[in-house]
Amino acid sequence: MEKIRDLEYQFKDTIEEHLIDALPHIDIEKLFISSNYEDTKLSFDLVFDVKLKISVRIRKAKYIDFNDITIRSRSKKNNKTEIHKLMEGEGQYYYYAFMNRTETDICKAYIIDINAIRLLTEKGMYKTNSNKDNTAFNSYKLSDLRQFNGIKYSYDYSFF
């Protein structure tokens, strides 16, 4: 299983560039990786000056054409999942990205207002998909996120 935090470190510079483009008023020098507790219990992966809390998800290129974001909603042992942490947590933005085919760079990224995810969840505007291992994930259409002004920034490098 891939180590999610390793991807956050691997693509840290690219994530920072996208955050600067989307949120030009931030001082990137004050941006740091969250603690393990903040990541696993409170749903955010990056902290800006202890005020801006950002969750991070990086997926493989083969999922780009689905035009959605997915969030784990059931674990093997029925523990809290990412959707529970997002709904209950303190995260404000979701940096959601896709790697290129060689997994060496980010080719598509979005910065999403987590309140839009919360709203779509409350309205039932998602699809739940089950995996063979008894886990599940919620799928949210990018078009629905746009409709509710949830996408605050997008990056698309088409030549991946």
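**Labels and their grounds**

Tutor: The lining of the largest cavity divides into five nonpolar residues, no polar ones and three charged ones. Here Ala, Val, Leu, Ile, Met, Phe, Trp, Tyr, Cys and Pro count as nonpolar, Asp, Glu, Lys and Arg as charged, and the others, Gly among them, as polar. The model is predicted: local features need pLDDT of at least 70 and side-chain atom pairs 80 or more, while totals for chains, interfaces and linings use all residues. Residues are numbered from 1 along each chain as its sequence is written, and side-chain values use heavy atoms, without hydrogens and water.

Student: Which residues line the largest cavity?

Tutor: The lining consists of Glu-8, Lys-12, Ile-15, Glu-16, Leu-31, Ile-33, Leu-46 and Val-56. A lining residue has an atom within 4 Å of a cavity point, that is, a point on a 1 Å grid over the protein atoms alone, in a set where a 1.4 Å probe fits but cannot get out.

Student: Why is Lys-53 called buried?

Tutor: Buried means under 20% relative accessible area, exposed over 50%, and partly exposed in between (1.4 Å probe, protein chains only). Lys-53 has 17% relative accessibility and therefore counts as buried. Lys-53 touches residues including Phe-44, Leu-46 and Tyr-93, leaving aside those up to four places away in sequence; contact means heavy atoms within 4.5 Å.

Student: What makes Asp-6 partly exposed?

Tutor: Asp-6 has a relative accessibility of 44%, so Asp-6 counts as partly exposed. The C-alpha atoms of Asp-6 and Tyr-37 are separated by 16 Å, and the two residues are 31 residues apart along the chain.

Terms used: On a 1 Å grid over the protein atoms alone, a cavity is a set of points where a 1.4 Å probe fits but cannot get out, and a pocket is an open set with protein on both sides within 12 Å along at least five of seven lines; lining residues have an atom within 4 Å of a point.
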